[in-house]
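Student: Let us go through this model one label at a time. For each, I want the definition and then the value.

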Amino acid sequence: MKCLLIASESAEVLFHWTDPEFQQNIQAQYGASQEEGQGLPAFEDSISTLFAPIIISCSTMVDRLGDSYTSFTTENNHIYVLHQFDECLYIAVNGDGEEGEDDLRRKIYVMKKIIEVLFGMVTLSSNLLRRELRPQDTEQRARLWKHLQSLLETYSHLRENDQSFLVEAVERLIHPTLCEQCIEFLERRLVQQLNSSVERAREEVLHAFILVHTKLLAFYSSRNASTLATSDLLALIIMAQNMYPSNTDLDDPGSGHESFYTPEPSPTDRDSNKPERGSTPVFEFMDPDIQMAEDSLQTLEVPPPDPSTPRRVFLEISGKDGLYPMMPHSMYCLPLWPGITLVLLTKIPTNNVAASVYKYLEAFAKLEKRLSEGQEGSAATRGALTIHDIRSKLDKFIKALGPSDLQSAQLQNVWTEFKNRAFARGGTGFNKDLIPWCKNMKTQLCGIYRQCFLIDSGPGDIPQRLSPGLQERAQTMVQEKLMDWKDFLLVKSRRNITMVSYPDFPGLIHFICVDRSTGQMIAPSLNITERTTSELGKGPVAQFIKSKVWSLVSTTRRFLRKGYSTVTLRDGDFYFCYFLWFENETGYKLEAGDIPILPDDSAPIGMLAWDYYRKLLRYYSKNHQGEVVKCYELLTVHLGVIPTEIILQHCRQLASKLWEPSRNPLL
């Protein structure tokens, strides 16, 4: 019983995802209320009717009280978590007890992150975002919603089964020699050849990386590229997994310890009814009218992705004068073999337009904020980048766009009216009357951004992308490089680190260590499928340890939100530890300061949806000016019979051993 809904303030559905149980419940509820002889209502209409009272209630509370509820639990123990982002209300629901408030809030923020990566700065304009999320063409809407639903399901699957998405950090394959060779190959052969080719259509490869399932084998960034944020990299891995889902049993040769061929088991009755992740679910409706409903998403097949067609993604870059979020890139996801993928991120020729739009948006947002706070006149225009500073630049920017285009003409008209009101002698000047025009300018700028980076090119335009032939050559080059390694890599990805490698820590069952400064993690494998097992086997013990690790991460986040950086607790036969600490560049442990206490309804702690650790490092670094501060986390699971002092000694030794340079592949 799970659901996630995005709605406008007028209760218009902008997106929905439900599991089969929730969907059947709604169809049964609203189907029973239909008069005899009438068909079932379209599912979108049913879900809109169900949530309309909640949406209207939220809007009313905001209008009347300036506040709203963030969560509630119904009498039948259904949990609802709500969050308003501008004029879009996100609602996540769970009715089967598998998710708590923190899980639902995390799902909401991850969905928002995915939408930002797909739509960029259009998300800063509620009017434009509503049009993007709910296209008038019903087939286009169905395809978009199906794609977003698939991305959300992929994320949920990874979070439930992959430790890197549990702690929201990137896991690298630990094989320093091969990793170093691959990085050198990406730098000196692949990226160099791609960027010197005339077939690149003025695109420039900034980042290239190789994924083995969800693990990073090699990552290379060109000299002109800024650092790729961990949150963006995790989002890209979700997209790559969504395009080419990992099937462990089929992808990996010789899974487990067996060196002989094991045939696939026959499907059981239980398995035969269970749809495979990534496949399109098939629904049978008794009433044929439902299949004709314009909003029935289930009847639409989504075509498989074309590898040669890049996806437009919007990622953060760091410029000379600060961070620029949601800058346009092209993402090429090239499958090498099942389970192994090459990803290329390119800078598109018109990237400077996006940077300019962001600067102007930032200036108008600052002005609007100051005017809303009651500052007027010169007080409203003070700051690093003011309206006075960008006035002439924006004039040149609009002139360069050309007046022939409708969107450019609209921007020109609004900007002219803004200048007449703000700067002309007979104008109103900088006061609250200018706030609507600030909003209008932001909408028009977002419209230019949408036109440049989201609307498909016309048939007469030359496609700005790497040619299919160039992509094929890149694919072939990497395949030739890794041909002798592919089977090893697929097995290695499932047994990246084993506890056998750590004989000096008797009683240690499992650990996860995360470098939050780089967004990387190390942990022994915990794969429990039909054909692959961890060292704990694949019986109830292995499942029990896995569930305890997931529960421990959730518990530590609750304590971290309350300001605790150390947690130790005993649970039956096991002893759990969690530590968060800071070091300087030389590895010297810094004195633990106070961790900020967060409210219960704050953004979830992690690095994917909201980079809590970046803000934490910024907060802690204020008292360590001139030093490079790094942040680490360590979670351990020990047998409860081990003395506490030995466990703490293990934790200290393990932390120092894990990040030895000899044990880490080069970036």
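Tutor: Start with burial: a residue is buried under 20% relative accessible area, exposed over 50%, and partly exposed in between, using a 1.4 Å probe and protein chains only. The model is predicted: local features need pLDDT of at least 70, side-chain atom pairs count only at pLDDT 80 or more, and totals for chains, interfaces and linings use all residues. Residues are numbered from 1 along each chain as its sequence is written, and side-chain values use heavy atoms, with hydrogens and water left out.

Student: Why is Met326 called buried?

Tutor: Its relative accessible area is 12%. The limit is under 20%, so Met326 is buried.

Student: What makes the phi of Met326 worth a look?

Tutor: Phi of Met326 is positive, about 55 degrees, and the residue is not a glycine. Most residues other than glycine have a negative phi. Met326 lies in strand β10. Strands here are DSSP runs of E, at least two residues; helices are runs of H or I, at least four; both are numbered from the N terminus.

Student: Where is Ala11 found, and what is its phi?

Tutor: Ala11 sits in the loop between β1 (2-8) and β2 (13-18). Its phi is near 70 degrees, a positive value in a residue other than glycine.

Student: Why does Ala11 count as buried?

Tutor: Its relative accessibility is 11%. That falls under 20%, so the label holds.

Student: Which strands form the open sheet, and in what order?

Tutor: The order is β8-β7-β11-β10-β9, 5 strands with antiparallel pairing. Two strands pair if DSSP finds at least two bridges between them. Strands β8 (215-221) and β9 (311-319) are the edge strands. What makes them edges is that each pairs on one side only. The twist averages 30 degrees from one strand to the next. Angles run from 0 to 180 degrees between N-to-C directions, and axes are lines fitted to C-alpha atoms, for helices over the stretch in contact.

Student: How do you know that β7 pairs with β11?

Tutor: There are 8 bridges between β7 (residues 204-212) and β11 (residues 340-347), and the two run antiparallel. The definition asks for at least two bridges, so they pair. His207 stands opposite Leu345 in β11, and Val212 has Ile340 as its bridge partner there.

Student: What joins β10 and β11?

Tutor: They pair in the antiparallel sense over 8 bridges. Cys333 stands opposite Val343 in β11. The hairpin of β10 and β11 has 2 residues between the strands, and Gly339 takes a positive phi near 95 degrees in this hairpin.

Student: How many residues of β11 are buried?

Tutor: The count is 7 of its 8, which leaves β11 mostly covered.

Student: Which helix packs on the sheet?

Tutor: Helix α3 (residues 101-119) does, touching β9 and β10 (322-337). Contact means heavy atoms within 4.5 Å. The direction of α3 makes about 95 degrees with that of β9.

Student: Which residues of α4 and α14 meet?

Tutor: Leu128, Arg131 and Glu132 in α4 meet Thr443, Cys446, Gly447 and Arg450 in α14. This contact divides into 2 nonpolar, 2 polar and 3 charged residues. Ala, Val, Leu, Ile, Met, Phe, Trp, Tyr, Cys and Pro count as nonpolar; Asp, Glu, Lys and Arg as charged; the others, Gly among them, as polar. The axes of α4 (residues 126-133) and α14 (residues 435-453) come within 9 Å and cross at roughly 35 degrees.

Student: How many disulfides does the structure hold?

Tutor: It holds 0 disulfides. A disulfide is a pair of cysteine sulfur atoms within 2.5 Å.

Student: Why is Cys452 called partly exposed?

Tutor: Its relative accessible area is 32%.
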